[in-house]
Amino acid sequence: MSAETSMFTAIVHEIIYSPMNLALVAIIAFLVYKIIKDRIEVPSMASQKPPEPELPKLRRDFTVAELHQYDGTQPDGRVLMAVNGNVFDVTKGKRFYGPGGPYASFAGRDASRNLARFSVGANDKDKDEYDDLSDLSGVEMDSLREWEMQFREKYDLVGKLLRKGEQPTNYEDEEEDTDKDIKSNDTAMEPTASVNTNETLTSGSNDDEGIRKRPATTSAAEEVK
């Protein structure tokens, strides 16, 4: 017993009176502490990013200068970009097109020329003037149309990119016409009341639900062919 005690005392004495051994013990103790802390630590509420609020739908046309204002750095963080004369809301793809993303140079810009040529760098015509793309080859235009189709499928169409002097479209009239069409279709499809002594139509039946179901409508601008 005394031999074990003397051995333990010698080890402690060696650690305490040797600066190098003391430093090694401190490092080991710190690493053990970090490992245990990382395993039992619960993520704090501050470290959890709250979900970003969904932005209201935007429906309007833009000039090139107006489009520049939606590069994701403004307070609402909305990101718009133009492809082949159409403006798309790519906010849900902010990790790609927003600030710090790999395609951040497209945000608030007409990316048509870049997409047609598979380039992410700035181009000479990326200014405040409308790019008519008239110098692109047929192959490049075909590539651009394919990109446009993909954007139509994935992102919301906002409106058109306006040429100099072109007047914006009033989309409020378009929405009112759509609402009128929906109401007229609903009225036309309502079943007429009839007397049937053998059958009873219940409000919860599948037939009634099928008759009264509102037909799906989509705008021609948003339809992907």
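A residue is called buried when its relative accessible area is under 20%, exposed when that area is over 50%, and partly exposed in between, as judged with a 1.4 Å probe and with protein chains only. By this rule, buried residues make up 25% of the 225 residues in the chain. The structure is a predicted model, in which local features need a pLDDT of at least 70 and side-chain atom pairs count only at pLDDT 80 or more, while totals for chains, interfaces and linings use all residues. Residues are numbered from 1 along each chain as its sequence is written, and side-chain values use heavy atoms, with hydrogens and water left out.

The value called pLDDT is the predictor's confidence in each residue, on a scale from 0 to 100. Its average over this chain is 76, and 61% of the residues score at least 70. Over residues 192–225 the pLDDT stays under 50, and for this stretch the model has 21 contacts beyond four places in sequence, where a contact means heavy atoms within 4.5 Å.

The overall layout comes next. The chain contains eight helices and three strands, where helices (H or I, at least four residues) and strands (E, at least two) are DSSP runs numbered from the N terminus. Followed along the sequence, these elements give the pattern α-α-α-β-β-α-α-α-β-α-α. Of the contacts with a separation of 6 or more, 61% are accounted for by residues 24 or more positions apart. The chain exposes about 16900 Å², of which carbon and sulfur atoms supply 55%; accessible areas come from the Shrake-Rupley method with a 1.4 Å probe, and for residues only the protein chains shown count as cover.

Rings of Phe, Tyr and Trp (its six-membered ring) are paired if their centres lie within 6.5 Å, and planes under 30 degrees apart count as stacked, over 60 as edge-to-face and the rest as tilted. The structure holds eight aromatic pairs. In one of them, the rings of Phe62 and Tyr70 have their centres 5.5 Å apart and their planes at 80°, so this pair is edge-to-face. Both Phe62 and Tyr70 are buried. Another pair joins Tyr103 and Phe106, whose ring centres are 5.9 Å apart and whose planes are at 15°, so these rings are stacked. Tyr103 is partly exposed, with a relative accessible area of 34%, whereas Phe106 is buried, with a relative accessible area of 5%. Tyr103 and Phe106 also belong to one aromatic cluster, together with Phe88, Tyr97, Phe151 and Tyr155.

Rings can also have a charge over them, which is counted here if NZ of Lys or CZ of Arg is within 6 Å of the ring centre and within 35 degrees of the ring normal. Arg60 lies over the face of Phe62, at 4.0 Å from the ring centre, and Arg59 lies over the face of Tyr171, at 4.1 Å from the ring centre.

The backbone has points to notice as well. Most residues other than glycine have a negative phi, and most peptide bonds are trans. Asn84, however, has a positive phi of about 55° although it is not a glycine; Asn84 is found in the loop between strand S1 (80–83) and strand S2 (86–89), and at 23% relative accessibility it counts as partly exposed. Leu133 likewise has a positive phi, of about 60°, and sits in the loop between helix H5 (112–116) and helix H6 (138–154), but Leu133 is buried, with a relative accessible area of 9%.

Last come the charged side chains. A salt bridge is a side-chain nitrogen of Lys or Arg within 4 Å of a carboxyl oxygen of Asp or Glu, and by this rule the count comes to nine. One of them joins the side chains of Arg117 and Glu140 (3.2 Å, N to O). Arg117 lies in the loop between H5 and H6 and Glu140 in helix H6, so the pair ties together parts that are 23 residues apart in sequence. Glu148 and Arg152 form another salt bridge (3.3 Å, N to O), and both lie in helix H6, four residues apart, about one turn of the helix. Within this pair Glu148 is buried, with a relative accessible area of 11%, while Arg152, at 23%, counts as partly exposed. Lys160 forms a salt bridge with Glu166, the closest N and O atoms being 3.3 Å apart. Finally, salt bridges that share partners join Arg113, Asp131 and Asp135 into one network.
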